[in-house]
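Please look over the model below before reading on. My notes follow as numbered points.

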Amino acid sequence: MGIHFGVDYYPEHWPKSRWETDVKLMKEMGVQVVRLAEFSWFKMEPNEGEFHFEWLEDAISLLDSYGIKAVLGTPTAAPPAWIIDKNPKIQPIDYQGRMRHFGGRHHDCQSNPVYRSHIKRFVTAMSQRFADNKGVIGWQIDNELGNSHYDLCMCDSCKTHFQKWLNNKYGSIEVLNEAWGTAFWSQGYNSFEQISTPLITAVGENPSAMLDWKCFCSDLIVDFAKWQADIIRQNCPNHFITHNYMCFDNKVDYYDLGKLLDFVSNDIYPAGNWQKQPHQPIDEIAASHDVVRGYKKQPFWIMEQQSSIAGWGTMGRAVEPGQMSAWAMQSVAHGADAVCFFRWRTCAMGTEQYWHGILGHSGNPGRTYYEAKELIGRFGSYMDELEGSMPNTEVAIVHSFRQNYALDIQPNHPQLKYVEHICKYYKGFFDRNVPVDFVQEMDDISKYKLVIAPLQYLMTPELEKHYIDYVANGGHLVLTMRTGVKDANNICMTDMELPGRLGEICGIEIPEYDCLFEKEGAILYEKREYPISKWADIITLKGARSIAEYSTSFYRQTPAITEYEYGEGMTWYVGTEPEEELMDELSSYLISKCNITTLGTSGSEVEMMTRENSHKQWLFVINHSNEEQVYSLNDRYIMLEGEKEGMLKPYEVQLFEKNIVKK
Ligand code: GLA
Ligand code: ZN
């Protein structure tokens, strides 16, 4: 596509007389694309059927006259007051039965047929209007779907849709009663019509019903997006369709949503005021990029890349000189083909007055602007060749929205968090400069030297077979605590000891366990003691070797981590959640056992990542700290950008290449 750097622009927030100044500055900075209009429904349709697209056309043609292309957002995350006034029932109902009202955004129910008809009218008009506009290249559907809903909507429309979804899934109420285990607490139903959306109960919830509810909500969001995607595809066959994701956010299964899109986009705010300060740890940012690349197994766009201070009522910290560039190139290193900075100019009004952009409130170019300009000047010329390239990975971590849902419903230990847990494994490899992919459970994993499948809590016979076959054929697999606990309906397995049939490839059985609730635990590994947390599976060896034993509690000296050769391959079972120190040891051990390539050696603030095409590999080395760092590479590369191999100035980004021959 040849488009690599952009900004999120809101011309409607500024007088028209300012626009050309903005566009000139953008041009000088190297901007090639802007995202526009995703929150300006009222400005485009102030009354039903009265369309005013002229201002947007003017903005687009001004941008186009400077060679800057536009991605248009459909503004359906903020229906205007006149729609709400006519149809108040469009507003969503929370789990306490309260309506969430107009005044913020996402004050909409996604199943509501009246809202759907408004969307149809509007998106049809908008997409027809811009189909042949030469300044427009693509569309972003809605904005951050799943965001801004504390819980999804419990209204009557959603109730009817949920009932239909269940009927479709189970076919008869008897089958649903069985699947949900409604014999417990007299929860049996005579018909689908008796089933409600999960409003607040007197106490407790049915975990099987809640799992279906979360899957339904995800399907509803996908269907909501499809409603628009179908219209745009029909009217604008030459435009791409994307959507701005939120990293690991789990309101919608991003793999499912990705099927509707030409490519996935992501929004990333490493130092937003909700993140750990001074900024989100770099391994977590990297993991977010890697999972986003995994949603469609292809490069992606960053639709919103943090450029400056982020926050609403309160603010996160200032972005240090060089830091924005390091984050932006980190996005590119992990697979972004384009990076759009949020936002062009800091807004003077509304909720996001303090969410800063490339320009401050004054509109004068300052430090952030000149840094962005320099970044584009330095790295822009490599982007065309990088486009479409992917990392060559040997390690995969399994990621699943369903497991995430089930463990949100019942975390087992109050602090157990699915994404946090799988990212602990990620960090072990990231810190050793090993590129990692995230994959879905049933993906083809045969190419990976090592697959880590943490928390395989919900299990099916197909998934068991998938892992057994992988190991039998020479794969190296890590399974962990809480594997095989439940069936697909979120009902506990009863036919075997844990971890169920996968015990066969692990060479173990787990007849008992201990939840480390307000309890410390430790294990002995290679004669050293390491803290563990949250969980301890009490393991009986059935052929496996123990490579670490508990050193606390009544099960001290029993196996905590095991290793077993099965078929042509090997399986490790980790019966606990390792803390960082132990994860360091464990990942080093697995890297050497599985002969995994590491890119080099560096401290924890330095990151290495590669992308490659059929004949070239690029290596990015990024310093995420404000101090000088040293590092060493394990292979020889030609330096394209940077001062000196092995040395990094504060926030320096270095780029290398080498030729490769693909088998
Ligand atoms: C999100 C949204 C944007 C904006 C920013 C800042 O990422 O997509 O519309 O709201 O956050 O709050
Ligand atoms: Zn609803």
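**Notes on the model**

1. Start with the zinc site. Along the chain, the donors of the zinc ion (ligand 2) are spaced C-x43-C-x1-C-x2-C. Donors here are N, O and S atoms within 2.8 Å of the metal (3.2 Å for Na, K and Ca); water is not among the atoms, so sites may look incomplete. The pair Cys109 and Cys155 links distant parts of the chain, 46 residues apart. Cys109 sits in the loop between helix H4 (81–86) and helix H5 (113–130). Cys155 sits in the loop between strand E4 (136–140) and helix H6 (156–170). Helices (H or I, at least four residues) and strands (E, at least two) are DSSP runs, numbered from the N terminus.

2. On conventions: this is a predicted model, where local features need pLDDT of at least 70 and side-chain atom pairs count only at pLDDT 80 or more, while totals for chains, interfaces and linings use all residues. Residues are numbered from 1 along each chain as its sequence is written, chains are lettered from A and ligands numbered from 1 in the order written, and side-chain values use heavy atoms, without hydrogens and water.

3. Which atoms hold the zinc ion (ligand 2) as protein donors? They are the SG atoms of Cys109, Cys153, Cys155 and Cys158, 2.2 to 2.3 Å from the ion. Angles among the four donor atoms run from 98 to 119°, and the site is tetrahedral. That label requires four donors with all angles between 85 and 135 degrees. The ideal angle for four tetrahedral donors is 109.5 degrees. Cys109 is buried, at 0% relative accessibility. Cys155 is buried too, at 9%. Buried means under 20% relative accessible area, exposed over 50%, partly exposed in between (1.4 Å probe, protein chains only).

4. Helix H1 (residues 16–29) passes a length check. Its 14 residues should span 20 Å at 1.5 Å a residue, and the end C-alpha atoms are 21 Å apart, which agrees. The expected span is 1.5 Å times one less than the number of residues. After H1 comes Gly30, with a positive phi near 105°.

5. The buried residues of H1 are Arg18, Trp19, Asp22, Val23, Leu25, Met26 and Met29. They fall within an arc of 165° seen down the axis, so they line one face of the helix. The arc is taken from the directions from the helix axis to the C-beta atoms. Their cover includes strand E1 (5–8), strand E2 (33–36), helix H3 (54–65), strand E9 (336–342) and helix H12 (367–386).

6. Asp337 belongs to strand E9. This residue is buried, at 11% relative accessibility. Its side chain makes a polar contact of 2.7 Å with that of Arg611. A polar contact is a pair of N or O atoms within 3.5 Å; within protein, one must be able to donate a hydrogen and the other to accept it, and residues adjacent in sequence count only if both atoms are side-chain atoms. Beyond four places in sequence, the contacts of Asp337 (heavy atoms within 4.5 Å) include Ile3, His4, Phe300 and Met383.

7. Backbone items to check. Phe342 and Arg343 are joined by a cis peptide bond, omega about -10°. Arg343 is in the loop between E9 and H12. Leu498 and Pro499 are also joined by a cis peptide bond, omega about 0°.

8. Asn490 has a positive phi near 70° and is buried at 3%. Tyr651 has a positive phi near 55° and is buried at 8%.

Conventions. Four donors count as tetrahedral if all angles lie between 85 and 135 degrees; four count as square planar and six as octahedral if opposite donors are over 155 degrees apart and all others between 65 and 115; anything else is irregular.
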